[in-house]
Amino acid sequence: MNEIGKGPPRPPRSVYDEGCIAAHALDLLGDRWALLVIRELMLGAKRFQLLRAGLPGISASVLTQRLEGLEAGGILRRVTLPDPAAVQVYELTELGRGVRPVIDALCRFGARLPGHDPRKFISPTALMLSMAAMVDRRAAKEAAIAAGFDMGRESFRGGLENGRWEVERGPAEGDVVFAGSANALAGVVYGARRLEHWLGSGTVTFRGDPATGQRFLDLFRLKGRAGT
């Protein structure tokens, strides 16, 4: 991919005027929407409109500002895909990908806070990242299941490796495959109802052995999981 606007990253403007390195990081990441923009790029490059689809509360002008600021700070870059696509996308730099542990920690912390409403919008990427943060790592070490998720404009494939849910954007394929909206699949993954409840519901579709699918789902939950 060809890079556009390449140049050395600019240091973030000082907001907190502190020597604290956490405050220094927040000078760049503390703007509203900044971390969520990074979240949406964590599993692969995206075009502007697909980015905005994962952030329905953001305006086009604010998204443009955040992209420009994160690019100036060396967190992401604009690249042009090769022909025949020849379109501009945004992707994280190595520095930007280093924010992943922060997002994982926020997922685990947020799961412990009261008032979370899982019925609110969740993006496909956000669901996949939350699963990676909330997986029961001890139980996952005993599982060897590949899973795919088809959420329309975005699809993912992943597997359980060394107790972790390792996922990437790509064709939804694996031992078990789930299809539906991100919010519907969040209910399947984290809800109290077992997979058999969803089969034939018309809300989601499933391909594979239901028992294997249930064993996979049992590895994830929202409350009380520290990623151990």
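**Close-up 1. S130 in helix α7 of the predicted model.** S130 belongs to helix α7, which covers residues 124-134; helices (H or I, at least four residues) and strands (E, at least two) are DSSP runs, numbered from the N terminus. This is a predicted model, in which local features need pLDDT of at least 70 and side-chain atom pairs count only at pLDDT 80 or more, while totals for chains, interfaces and linings use all residues. Residues are numbered from 1 along each chain as its sequence is written, and side-chain values use heavy atoms, with hydrogens and water left out. With a relative accessible area of 10%, S130 is buried, where buried means under 20% relative accessible area, exposed over 50%, and partly exposed in between (1.4 Å probe, protein chains only). The S130 side chain reaches the backbone oxygen of L127 at 2.8 Å, and S130 also touches C107 and Y190 when residues up to four places away in sequence are not counted; contact here means heavy atoms within 4.5 Å.

**Close-up 2. The salt bridge between K46 and E40.** K46 and E40 form a salt bridge in which the closest N and O atoms are 2.9 Å apart, a salt bridge being a side-chain nitrogen of Lys or Arg within 4 Å of a carboxyl oxygen of Asp or Glu. Both partners are buried, K46 with a relative accessible area of 1% and E40 with one of 0%. A search of the whole structure finds ten salt bridges, and R39, E40, K46, E154 and R169 are linked in a network of them.

Close-up 3. E154 lies in strand β5 (residues 154-161) and R169 in strand β6 (residues 164-169), so the pair ties together parts that are 15 residues apart in sequence. E154 is buried, with a relative accessible area of 5%, whereas R169, at 26% relative accessibility, counts as partly exposed.

Close-up 4. D104 forms a salt bridge with R100, with 3.1 Å between the closest N and O atoms. Both residues lie in helix α6 (residues 100-110), where they are four residues apart, about one turn of the helix. D104 counts as buried at 14% relative accessibility, while R100 is partly exposed, with a relative accessible area of 22%.

**Close-up 5. Two cysteines, C20 and C107.** C20 counts as partly exposed at 35% relative accessibility, and C107, which S130 touches, is also partly exposed, with a relative accessible area of 23%. A search of the whole structure finds zero disulfides, a disulfide being a pair of cysteine sulfur atoms within 2.5 Å.

**Close-up 6. G180 and its contacts.** G180 lies in the loop between β7 (176-179) and α9 (182-190). Leaving aside neighbours within four places in sequence, G180 is in contact with D150, M151, L185 and T203. G180 and F206 are 26 residues apart in sequence and, C-alpha to C-alpha, 9.1 Å apart in space.

**Close-up 7. A nonpolar surface patch that includes Y16.** V15, Y16 and L26 make a nonpolar surface patch of about 270 Å². Patches are made of residues with over 30% relative accessible area and no salt bridge, like charges being joined within 9 Å and nonpolar side chains (Val, Leu, Ile, Met, Phe, Trp, Tyr) within 5 Å; accessible areas come from the Shrake-Rupley method with a 1.4 Å probe, and for residues only the protein chains shown count as cover. Y16 lies in the loop between β1 (2-4) and α1 (21-29) and is partly exposed, with a relative accessible area of 41%.

Key:
A polar contact is a pair of N or O atoms within 3.5 Å; within protein, one must be able to donate a hydrogen and the other to accept it, and residues adjacent in sequence count only if both atoms are side-chain atoms.
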